[in-house]
Amino acid sequence: MDLYVAALGFGLISVSVIAIAAVGFTMQFGITNMINLAYGEVMMVSGYAAFYVNRAGVNIWIAMFAGALAGAVLSFLLNRFLYAPFQRKGTNLIGMVIVSLAASLMIANLMLPIVGYYTSSYVVDQGPLLRSNGLVLTTAQIAIIAVAVILMLAIHGLLRYTRLGKAMRATAANPTLARNCGIPTQRVIDVVWLITGALCGVAGVVAGMNSENFAVSSGASYLITIIAAAVLGGAGQPYGAMIGALIIGIVTELSAAAIAPEYKEVVAFAMLVLVMVLRPQGLLAKRGALAAAG
Amino acid sequence: MNSYYAATLLVYAGVDIIACLALNLQFGISGIVNFSFIIFQAVGAYAAAILSMPPDTANGGYQVYVGGLQLPFPIPWIGGALAGGLLAIPVGLVVLRKLRSDYQAIALLVLSVIANSVITNARPFLNGAAGIAQVPGPFSDQVDPLSQSYQLLYVGLTFPCVLLVWLIASRIVNSPYGRSLRAMRDHEVAATALGKNPVQMKMTIFIVGGIIGGLSGAILVGYIAVWAPSEWLYPETIILFAAVIVGGRGNNVGAILGALLVPVGFEEATRLIPATIGGWVPPPNLIPAMQWVAIGLLIIGFLWFRPQGVRPEPRRVFEGSPEAEEVDRVRTA
Amino acid sequence: MSAQPDEAMLVARDVHRHFEGMRAVDGVSIDVPRGKVTGLIGPNGAGKSTFLAVLAGTLPASAGTITFEGQDITRLPTYHRARRGLVRTFQLPSEFSQLTVLENLLVAAPDNRGDSLLGALLGRRYWGDDELRLVDQARDLLKRFGMTAKESDYAGTMSGGQKRLIEIMRALMLGPRCLLLDEPMSGVHPRIVDEIKYYLQSLRADGLTILMVEHELHLVEQLCDSVVVMAQGKVIGSGTMAALRRQQEIVDAYLVG
């Protein structure tokens, strides 16, 4: 039983990591209609940015900002110079998917000569262990959960209470209408990519903190769980992505304890297929805060 | 030119042409974005391997795998093709029948990543990450596999397969069935409203593509004698997509051209890069990594500048049409 | 619509279509009489196009039954209904853009031996005759609709009106018993509207059963034998245009929208 309680603890951290990532991913789809398959690679690059800062002696929590910055800049550039031009050209959704796949391939292989094939890890002071009801977590792990909670609240606040948030929701629901109402959709989209890019960056860093090590190849494996969480919650719905992350995170960790850790992704994939077959619109089906495009 | 090198080139070209013809049937003609294509080549390779190899206790027993039936040619190749077709059935039934089209592509992509992960971790099944080695090629007990005559033999076995696949693909593409597939690709709802059953057509082509993909794997594994998860990571599918996009979708000549330009031409071009450039020795893995970057650039470049590919889908002019006097009857390959 | 039951080719009984809480079609029953042109009119958002889609099978009915020539087709998928002779066209252009105009028509032909995997693999010797016959049939249609010169052009490069004609010709290649037209004149140049009207009138003279969703009331008056009026997902009246004009609620519904 202790095994499962411990797994639950890991599950909470998993949920935190996946939630930060999935919310960013799903917002990119919801607002700009882009299935960004390079998302995992951007996470990986941000993870490495933080790694170099960390290795230079900076505390990992401060280095996280470097990761967020790297993610924001890279995502912004990706959209500005690759995705948006193709979308303006009228490329269909599948064409865009192929473009983002090509981009992910290029990013990963540009990183390889720079950082090498071997794995890397952060220098993290885990801090004292905290126990409660069989849950055993280090301070650092709890901090990760706290970061996730803060970011989720921030996104909630952004979408609900700020003008920018309202502009984002309007652009997501109907970009032409939004533009006609005077919303500078171009600028909104740029900001969306900066914000979601920052989320992506933070996610990359905490993902790296949560695993013993990471490598260039981590990018692809991140993507699977993120897609599963985003689809489960309803494509384009940030609150859905949070719920999806919760379910995927807990279930994969519990099944890792029950079956074997190598099959965590398989479980996520199985859940993805199940959702796609049984309820393709995801859990939050109603066109809520951010309507799913298409 | 070294005859071993020439033979290798020809066999690889044959395998890639077969694979691209299959992917073109699925993607270029029927609009199925099969991002998991490589697993069909993989299953064909594994099937051919375990059909032709001795039981895993042989050779000192350092490998663990199922099968090992030591069957002679052509059974492993037929088995490989069948395996590809059989795999297409459950995958197609779930993905093509039940999922929305935008989810299909993603599900197939994720499937190929997961499949690779599962095979890597399930060691007793197909020897996990190390993969299977010492796969005997056809007639390798009668002709010395290391000899020049064997190279000739292998090319001689590959070539008819290429012709057969090309014949099948040609007949499909240039028939009324091919026309219905293209219509479904262009506007599925309208095709349905005209009496076409899209699920049945997609399943059919998915299975046909799976069979042909499986055959390509069987041919490849008999030649290179090894097969491991590293041979069929998901980017391999992307190379084939690049080939079909570059060569020209929706037509077999384009697919063949793409196969020759991208997986073959590209690989060979980078072989020409010298080991040192002006005294600087590039790190050992730089070239393969840059190859991938170039593939990505190729895809993006073509999608931007020439999405129809080098040889676009031909416009079909029928005999007796007003235009037929000016234009020769289009010889569609 | 008080037609004799055995004269009605297409019958809908209490059809509902709900989606995400919206009742687009809220209990609609109509009889489409054989050999006549019936109009389906109503203000925007009345659910006309949705209802047509349900009749065609493009959208599943949430409740109710649909009968075609006496057979219950409620659960039948679209392609089956098309094969039985119930054919629809679309409001938005839906041509096969990478196929030529002639190929668009050929796709529709249901009786081509080469239109299956086996047929294809057997080669041209097997299906060549069918193909030649259908090419002639298609060319006849092209001539009738004045598009012979465009036979080998990509359908995607055709004008709006030409695409509309292609759709109608495509539907005709199927040998339909009942045509469901979804706003055949929408987005078409006024001059082409006359052309299409002319062709529809000749089809009506041929005895084809047609159900037509249309906005332009003067066209409806010229083309339709009788009319069904929908508003907010329900049928609010039916009969000839003249009779309907006299019903105040109908006029109100249109004005209020």
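This is a predicted model: local features need pLDDT of at least 70, side-chain atom pairs count only at pLDDT 80 or more; totals for chains, interfaces and linings use all residues.
View 1. When its neighbours within four places in sequence are left aside, Gly249(A) is in contact with Gly11(A), Ser14(A), Val15(A) and Ile18(A). Pro85(A), by contrast, stands 164 residues from Gly249(A) along the chain, and the C-alpha atoms of these two residues are 35 Å apart.

**View 2. The open sheet of chain C.** In chain C, 6 strands form an open sheet with mixed pairing, and their order is β6-β7-β8-β3-β9-β10. The edge strands, each of which pairs on one side only, are β6 (86-88) and β10 (234-239) of chain C, and neighbouring strands of this sheet are turned by 20° against each other on average, direction ignored. Within chain C, strands β3 (residues 37-41) and β9 (residues 226-231) run parallel and are joined by 4 bridges; Thr38(C) is found opposite Ser226(C), a residue of β9(C).

**View 3. The contact between chain C and chain B.** Chain C contributes 40 residues to this contact, while chain B contributes 30 residues. On the side of chain C that touches chain B, at least two residues each come from α2 (78-84), β6, α3 (101-108), α4 (117-122) and α5 (124-144) of chain C, and α3(C) gives the most, with 5 residues.

Terms used: Residues are numbered from 1 along each chain as its sequence is written. Chains are lettered from A and ligands numbered from 1 in the order in which they are written. Two residues are in contact if their C-beta atoms, placed from the backbone, lie within 7 Å. Two strands pair if DSSP finds at least two bridges between them. Axes are lines fitted to C-alpha atoms, for helices over the stretch in contact, and angles run from 0 to 180 degrees between N-to-C directions.
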